[in-house]
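Here's a quick tour of the fold, for reading with the model open beside you. Have a look at the chain first, then work through the notes below.

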Amino acid sequence: MKKILIVDDARSLRSVLKHSLEQQKYQVTVVNSGAEALKAFQQDVPDIIVSDVSMPAMDGFEFCRQLRSQPS
C-alpha cells in the first residue's frame with residue numbers, strides 16, 4: 001500500500017484529503033506543521049508528500065529545504 005504524508009495547518013482540508021485518499025486505498029498520515037512532518041518522515045518514509053505552502057512557524061518551502069538537507 002502506498003503511503004502519503006499530508007502537511008497542512010487547516011484541519012478541514014486535512015480531513016477531506018485523508019478521507020478521499022483512504023477511499024482510494026492509500027495509507028495516509030496527516031500532520032499540521034512542518035516540524036511534525038519532519039518527525040513523521042523520520043519515523044516512516046512516505047511515497048509522496050502533499051504539503052501546504054503557507055503555514056505558520058515553518059512554511060512549506062522551509063519544510064522542503066529541511067527535508068532535502070537530510071541524508072536519507
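What you're looking at is a predicted model. Its protein chain has three helices and three strands, and from the N terminus they run β-α-β-α-β-α. The radius of gyration is 12 Å, close to the 11 Å that the globule rule gives for 72 residues, so the chain is as compact as a globular protein of that length.

**Overall build**

- Along its principal axes, the C-alpha trace spans about 35 × 25 × 15 Å.
- Of the 72 residues, 29% count as buried.
- The accessible surface comes to about 4900 Å², and carbon and sulfur atoms account for 52% of that.
- If you take contacts between residues at least 6 apart in sequence, 61% of them join residues at least 24 apart.

**The nonpolar core**

- The largest nonpolar core has 11 residues in all: Leu-5, Val-7, Val-31, Ala-37, Leu-38, Ala-40, Phe-41, Met-55, Met-58, Phe-63 and Leu-67.
- Strand S1 (3-7), helix H2 (34-43) and helix H3 (60-68) are the elements that each give two or more residues to this core.
- H2 supplies the largest share, with four residues.

- The buried residues of H3 are Gly-60, Phe-63 and Leu-67.
- They cover an arc of only 55° around the axis, so they sit on the same side of H3.
- What do these buried residues pack against? Their partners are S1, H2 and strand S3 (48-51).

- Gln-70 lies in the segment after H3.
- Is Gln-70 buried or exposed? Its relative accessible area is 18%, and buried means under 20%, so Gln-70 counts as buried.
- Not counting residues up to four places away in sequence, Gln-70 touches Leu-38, Phe-41 and Gln-42.
- Two of those names, Leu-38 and Phe-41, also turn up in the largest nonpolar core.

**Helix H1 and what follows**

- Helix H1 takes in residues 11-23, which makes 13 residues.
- From its first C-alpha to its last, H1 reaches 18 Å, close to the 18 Å expected at 1.5 Å a residue.
- Lys-25 follows H1, in the loop between H1 and strand S2 (27-31).

**Two backbone angles to check**

- Most residues other than glycine have a negative phi.
- Lys-25 has a positive phi of about 75° although it is not a glycine.
- With 62% relative accessibility, Lys-25 counts as exposed, because the cut-off for exposed is over 50%.
- Ala-57 also isn't a glycine, and its phi is positive, near 70°.
- Where does Ala-57 sit? Look in the loop between S3 and H3.
- Ala-57 has a relative accessibility of 95%, so it too counts as exposed.

Conventions. Residues numbered from 1 in each chain as written. Predicted model: local features only at pLDDT ≥ 70, side-chain atom pairs only at ≥ 80, totals over all residues. Heavy atoms only, no water. Expected span 1.5 Å × (residues − 1). Core = buried A, V, L, I, M, F, W, Y, C linked by side-chain atoms within 4.5 Å. Buried < 20%, exposed > 50% of the residue type's maximum accessible area, 1.4 Å probe, protein only. Contact = heavy atoms within 4.5 Å. Rg over C-alpha atoms; globule rule 2.2 N^0.38 Å. Areas by Shrake-Rupley, 256 points an atom, 1.4 Å probe, with all protein chains shown as cover. Arc of directions from axis to C-beta.
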